[in-house]
Amino acid sequence: MTETRTVLITGCSSGIGLAAAVKFARGGDMVIATMRDLDRAGSLRQGLADAGVSADIRVLDVSDDAGTASGLEAVLADHGGIDVVISNAGIGIDGTTEELSVDDFRALFETNVLGAVRLIHGVMPVWRSRPGGRFIAVSSVSGAIGQPFNDAYCMSKFALEGLLESFAPVAAQFGVHVSLVEPGPVSGVFVDKSRGPQQQSSDGPYAEPRGRFQAVQDSAFDAAQTNDEIAQLLWDVAAVDEPMLRYQTSELVEKMVGLKFKDMSGQRVLGMTSRWI
Ligand SMILES: NC(=O)c1ccc[n+]([C@@H]2O[C@H](COP(=O)([O-])OP(=O)(O)OC[C@H]3O[C@@H](n4cnc5c(N)ncnc54)[C@H](OP(=O)(O)O)[C@@H]3O)[C@@H](O)[C@H]2O)c1
């Protein structure tokens with residue numbers, strides 16, 4: 001790796017991506033902070049200015065095949081390479097499967113899973129020829145534990161985990177490190193942006209269990225981590241010589257993911273999630 005790393009981060013208009021862009025820029029990296037809509041760059045610009053640092057802010061919609069390919073080509077041409085990709089862009093949608101359309105599932109898959117695929121397609125040819133690179137994806141505890149009313153989101157994060165666990169050993173042959181960072185609740189706008197229309201309704205067959213789950217979720221978010229905490233871990237993962245495949249961001253997440261990996265029959269996880277509703 002070069003001394004001043006070139007770090008491309010997706011989804012930098014808010015939350016974890018914004019905090020990571022500022023963190024890496026403060027650390028001296030050349031940050032390419034991307035987002036799907038530059039009209040939403042105000043908070044990032046403010047955060048960078050407050051920290052007295054700068055970044056190359058660009059459009060990148062990871063759900064767009066051609067746009068992601070050409071965006072990465074332009075970055076590679078302008079910066080002469082990319083050392084680290086942080087695949088952070090993500091969306092959620094609340095709802096149990098019956099309430100969600102196939103298009104809802106498709107939309108989450110396009111961004112949360114195929115977004116990472118498109119980034120890998122863009123950088124891997126360059127990383128193979130160097131060789132070397134680092135791909136860090138923001139996954140979730142929802143990539144390990146299926147949760148009620150999070151069917152589409154958990155589908156997408158489980159898929160992301162499977163994708164990168166499969167890709168990692170092959171990538172390693174070319175000096176490319178792949179890591180998944182798994183946060184639990186993180187404060188910010190993500191949960192509000194994920195609310196589906198069915199959440200506004202106080203009736204229907206799922207209203208009661210949804211209400212009980214909502215209370216559990218609200219109390220989990222009372223102890224949410226900050227975006228800066230997650231950005232710090234992303235920084236640590238990018239800095240370590242031999243990064244691991246998975247990083248849980250808190251002791252609570254570590255406990256939950258640990259429960260999953262030990263629960264061969266699935267009955268303990270089901271016992272826990274059933275109590276939430
Ligand atoms: N917040 C949590 O509790 C939590 C917990 C575990 C994991 N995560 C994961 O953390 C990551 C960041 O989420 P966050 O909490 O920081 O939420 P956030 O503030 O909503 O940030 C999500 C970012 O992704 C962007 N985005 C969405 N679709 C995109 C697309 N097609 N192309 C490019 N950018 C796109 C959003 O852009 P717009 O502003 O244009 O919407 C926004 O910048 C996500 O992958 C999420 O799944 C979050």
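Hi everyone, let's start with the ligand. There are 29 residues around the ligand, and G11, G15, A89, G90 and F190 come nearest. If you look at which elements give two or more residues to that shell, you find α1, residues 15-26, and α6, residues 190-193. Of the elements, α1 gives the most, with 3 residues. By class, the shell around the ligand has 12 nonpolar residues, 12 polar ones and 5 charged ones. Please keep in mind that this is a predicted model.

Now let me step back to the whole protein. It has 10 helices and 7 strands. Along the principal axes, the C-alpha atoms fill a box of roughly 55 × 40 × 35 Å. How does the radius of gyration fit with a compact globule? For 277 residues, such a globule would have a value near 19 Å, and the protein has 19 Å, so the two agree. Buried residues make up 41% of the 277 residues. I also like the contact pattern: among contacts between residues at least 6 apart in sequence, 77% join residues at least 24 apart.

Next, my favourite helix, α3. This helix runs over residues 65-79, so to speak, 15 residues in all, and reaches 21 Å from its first C-alpha to its last, close to the 21 Å expected at 1.5 Å a residue. Which residues of α3 are buried? They are T68, G71, L72 and V75. These four cover an arc of only 95 degrees around the axis, which means they sit on the same side of α3. Remember that an α-helix has 3.6 residues a turn, so residues three or four places apart point the same way.

And what lies over that side? The cover on the buried residues of α3 includes strands β1 (6-9), β2 (30-35) and β3 (56-59), together with helix α4 (102-129). Just after α3 ends, G80 takes a positive phi of about 75 degrees.

One last stop, A49. You will find this residue in helix α2, which covers residues 42-51. Is A49 buried or exposed? A49 is exposed, because it has 11 other C-beta atoms within 10 Å, and the cut-off for exposed is 12 or fewer.

Conventions:
Residues numbered from 1 in each chain as written. Predicted model: local features only at pLDDT ≥ 70, side-chain atom pairs only at ≥ 80, totals over all residues. Near = placed C-beta within 6 Å. Nonpolar A, V, L, I, M, F, W, Y, C, P; charged D, E, K, R; others polar. Expected span 1.5 Å × (residues − 1). Buried ≥ 20, exposed ≤ 12 C-beta atoms within 10 Å, placed from the backbone. Arc of directions from axis to C-beta. Contact = placed C-beta atoms within 7 Å. Rg over C-alpha atoms; globule rule 2.2 N^0.38 Å.
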